[in-house]
Structures are given as structure tokens and as C-alpha cells.
Amino acid sequence: MPTTAYIYVPSPSRENLEIGLNQGLWGWRRSALDRAGARQGVQSLSEGDFLVLGHRGPNSRVAPGGWANATLQRVIVTQVSRPHFTDSDPVWPDDDYPERIGIDVLEEESNVHGTALGADAMEALRLSANKQGAAVLQAGIAAVAQLADALSPVPDLPGDGTVDHEGADSAVAQVLVRREQAKLRKKLLGGATEAACALCGRVLPTRFIRAAHIKRRSAAGRQERLMMANIMPACLIGCDELFEHGYVYVTDNGTIAVGPKSNTTPDLAVAAKALEGRSVADYGPHRAPFYTWHRTHITN
């Protein structure tokens, strides 16, 4: 069964929080884990477990359950991408925080009321606040799933579209990543009902248009994922998949070229060839580094 770790981040640690999120890292002082007896729990976290960061809540010196109806200014849901390791390379300005885990940010929300996470999760965050940000672990992902449901149920999941609270960690992550996609689509398309594909140029109903990452989401940092320069409108009737898997790529002058993998089948080669030589919409210096990454890492 997956585990969720809850960590409270106080107001003075805002800069460290931003650095950690952007670097895909979280860390602790050794002394903090020692005092809280939390090292074994942190070491037990595996890739795919969840880590929930709560920031700027009320006074934590209250009775147990006192945060059930509290509001946190920020809640960041992350997933463990690298289990516990030690490293003293400088990341944060005020200390080494050498006991670290790698994290992948899935979702961030502002002004989250305790009911969205549930009383148990809020109590875990309150306890973490009283333990200098040590991780407080709970078996399962009910609170993360509850938050995903509260934010936005996704209709194309199996059944009624809500998240399976009995351990479907991949489903929860999928919901939260889709929320990111929805936000990017809203910003990219601006409420339009039709949009042009950046690759083929066809104007289509927006349900056929994806807000596609040029540099793959899995390889991009948190800031890169949300940069509109790394997002292009790509149609779902061929272009998104052709680009995603490197059958076509964009040259340094902004035109489409055919990748060597496109010769897998004759029909695939024809589909890729149809895009060859086209100019990519909105190509420019702001997008060029992302197309270079794609060309370098995906095409060959």
C-alpha cells in the first residue's frame, strides 16, 4: 500500500520551499530527524509514494484535531521520484539539509480548507509543524485522493470518474497531472472553441487540440512544465503522437523535419512526410531551447 508523508513548511521557509520545488528535492537537517525520530519513516518512502507539503497555517500549538477546520495558504502534492539519499551539495542558502528525497510536483493549490484534505491529514501536518518540519507518515493515500476529488473529478477515469481511494496511486497522480493539463489548456486556448495545430496548421475544435509539452513533462523541471514557451497546440489526429515519439522534429530554423524512426511502416512514413518542410507556428527564441531538447533527446 502506498504511503503519504505530510510535511509542514513555516512562513520563514518560503524561499527554501520554492527552491526545493524547482529543484525537485526536499531535505532535512539530521538533527531535525533525530529529535523527531523520523529518519526511519523518511528512509521507508519509496518511489511512487506521496509527499504533501503544507505552507502557512495557523498556530500549531493547539489541541489534537485543532487544525481540522483550518486553512493552509498553500498545499503542494508531490510524488517521490527518488528515495532517501544523503548529499551535501549546496541547494538551499541557509543549510545543507543533507538527508534528501527527490520529488515530482503534481499539483499546487492555494487557500486549502481542512475539509479538502481531511482531519487525519491536517492533524499530520499540525504534528509536523510541532516537529520542525519532520515528515509524519500515514499508510494509504486517502487524503491525496480526497483532495484530487475535491479539486476536480476527472470524467474519463473508470466508473463514475472519481479516484479509487483504496490504493490507486497511479490514478491519483493521473488526476492531478490532468488538472495541470487543464490549466495549461485554459491559458493556451483562452476559451476559444477552435484552434490551429502548431504542426499541421489545421483549425480544429479545441477538443482535438492538446496543450503539448515540447520538452517532455517527465524531463522538465517544475518551472519548465508551466512555461508557455514549452507548450504548443498539437492536434490529436496525428501530430501530437508524431512529435511526442520523435517521428517528426523541429529544426533550428523552425521548420518540420522527418525523423529516422518514421520509416517504421510505410503508412507512418507517409504521415510524417506530410508535415515535412512546414513552418511551426509561433517558433522563436523563446521556444527554440525546448525544440532543441526534443530534437536531441527524442528523435534518434
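Me: How many helices and strands are in the protein chain?
Reply: The predicted model has eleven helices and twelve strands in the protein chain. The C-alpha trace spans about 65 × 45 × 30 Å along its principal axes.

Me: And what share of the 300 residues counts as buried?
Reply: Of the 300 residues, 49% count as buried. As for contacts between residues at least 6 apart in sequence, 70% of them join residues at least 24 apart.

Me: Turning to pockets, what volume does the largest pocket have?
Reply: The volume of the largest pocket is about 460 Å³. It is lined by 25 residues, and the closest to its centre are His-213, Arg-216, Arg-217, Ser-218 and Arg-225.

Me: Which elements supply at least two residues each to that lining?
Reply: They are α1 (14-23), β5 (99-113), α7 (169-189), β9 (209-213), α8 (222-226) and α9 (239-244).

Me: How does the lining of the largest pocket divide by class?
Reply: There are ten charged residues in the lining of the largest pocket, together with eight nonpolar and seven polar ones.

Me: What about the second largest pocket, what is its volume?
Reply: The second largest pocket has a volume of about 390 Å³. Its lining consists of 18 residues, of which Pro-10, Ser-13, Tyr-97, Gln-132 and Gly-133 are the closest to its centre. Two or more lining residues come from each of β1 (3-9), β2 (25-28) and α2 (30-36). By class, the lining of the second largest pocket has ten nonpolar, six polar and two charged residues.

Me: Back to β9: which strand does it pair with, and in which sense?
Reply: β9 pairs with β10 (residues 231-235) in the antiparallel sense, over five bridges. Within this pairing, His-213 stands opposite Ile-231 in β10.

Me: Why is β9 described as largely enclosed?
Reply: Four of its five residues are buried, so β9 is largely enclosed by the rest of the structure.

Me: Which residues does Val-75 contact, leaving aside its neighbours within four places in sequence?
Reply: With those neighbours set aside, Val-75 is in contact with Val-52, Leu-53, Glu-107, Glu-108, Glu-109, Val-112, Leu-117 and Leu-147.

Me: One more topic, backbone angles. What is phi of Tyr-97?
Reply: Phi of Tyr-97 is near 45°, a positive value in a residue other than glycine. Tyr-97 is found in the loop between β4 and β5. It is also one of the residues closest to the centre of the second largest pocket.

Me: Is Tyr-97 buried or exposed?
Reply: Tyr-97 is buried, with a relative accessible area of 11%.

Me: And what is the phi of Asp-282, and where does it lie?
Reply: Asp-282 has a positive phi of about 60° although it is not a glycine. It lies in the loop between α10 (266-273) and α11 (288-297). Asp-282 counts as partly exposed, at 48% relative accessibility.

How values were computed: Residues are numbered from 1 along each chain as its sequence is written. This is a predicted model: local features need pLDDT of at least 70, side-chain atom pairs count only at pLDDT 80 or more; totals for chains, interfaces and linings use all residues. Side-chain values use heavy atoms; hydrogens and water are left out. On a 1 Å grid over the protein atoms alone, a cavity is a set of points where a 1.4 Å probe fits but cannot get out, and a pocket is an open set with protein on both sides within 12 Å along at least five of seven lines; lining residues have an atom within 4 Å of a point. Grid points are joined across faces, edges and corners, and a volume is the space filled by probe spheres set on the points. Ala, Val, Leu, Ile, Met, Phe, Trp, Tyr, Cys and Pro count as nonpolar, Asp, Glu, Lys and Arg as charged, and the others, Gly among them, as polar. Buried means under 20% relative accessible area, exposed over 50%, partly exposed in between (1.4 Å probe, protein chains only). Two strands pair if DSSP finds at least two bridges between them. Contact means heavy atoms within 4.5 Å.
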